[in-house]
Amino acid sequence: ATTTDALHAVPHLATTMTTTSKQFDCDGVLWRGSQGLIPGALELLQQLRRHNKKVFFMTNSAVATRTGMAAKFGKLLGDDLQ
């Protein structure tokens, strides 16, 4: 999947390029539990970074810790967002 695919899959995300930042819930938006990244998620995040957009991540999980979330980001995204 490409960034264009991700933008077309979720049309309102196309307006993201006109804002300075974007917030994402993690589970169910960027990834699905242990199933891994949702197709197009990594490419979309890379595109936002290339356009110097600030990207914020949040979760409504009552058991998630910052350390745990950072480990999951590292596992799923690696250094691809650097």
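**Exercise 1. The order of elements**

Which pattern does the protein chain follow, read along the sequence?

*Solution.* First, know the model. It is predicted, so local features need pLDDT of at least 70 and side-chain atom pairs count only at pLDDT 80 or more, while totals for chains, interfaces and linings use all residues. Residues are numbered from 1 along each chain as its sequence is written, and side-chain values use heavy atoms, with hydrogens and water left out.

Next, apply the rule for elements. Helices (H or I, at least four residues) and strands (E, at least two) are DSSP runs, numbered from the N terminus. Count them: 3 helices and 2 strands. Then read along the sequence: the pattern is α-β-α-β-α.

**Exercise 2. The strands**

Find how β1 and β2 are joined, and sort the side chains of β1.

*Solution.* Start with pairing. Two strands pair if DSSP finds at least two bridges between them. Here 5 bridges join β1 to β2 (residues 54-58), and the two strands run parallel. Q23 stands opposite F56 in β2.

β1, α2 and β2 make a right-handed β-α-β unit. Right-handed means that, with the strands pointing away from the viewer, the path from the first strand over the helix to the second runs clockwise.

Last, sort the side chains. Buried means under 20% relative accessible area, exposed over 50%, partly exposed in between (1.4 Å probe, protein chains only). K22 and F24 point to one face of β1 and are buried.

**Exercise 3. The core**

Which residues of the largest nonpolar core touch the most other members?

*Solution.* Use the definition. A nonpolar core is a set of buried Ala, Val, Leu, Ile, Met, Phe, Trp, Tyr and Cys residues joined through side-chain atoms within 4.5 Å. The largest one has 13 residues, and F24, L30, W31, L45, L48 and F73 touch the most other members. α2 (41-50) and α3 (66-77) each supply at least two residues. The largest share, 5 residues, comes from α2.

**Exercise 4. A ring pair**

Describe the aromatic pair of W31 and F73.

*Solution.* Rings of Phe, Tyr and Trp (its six-membered ring) pair if their centres lie within 6.5 Å; planes under 30 degrees apart count as stacked, over 60 as edge-to-face and the rest as tilted. The whole structure holds 3 aromatic pairs. W31 and F73 are 5.1 Å apart, centre to centre, with 75° between the planes, which is edge-to-face. W31 sits in the loop between β1 (21-25) and α2, and F73 in helix α3, 42 residues apart.

Check burial too. W31 is buried, because its relative accessible area is 2%. F73 counts as buried at 15%.
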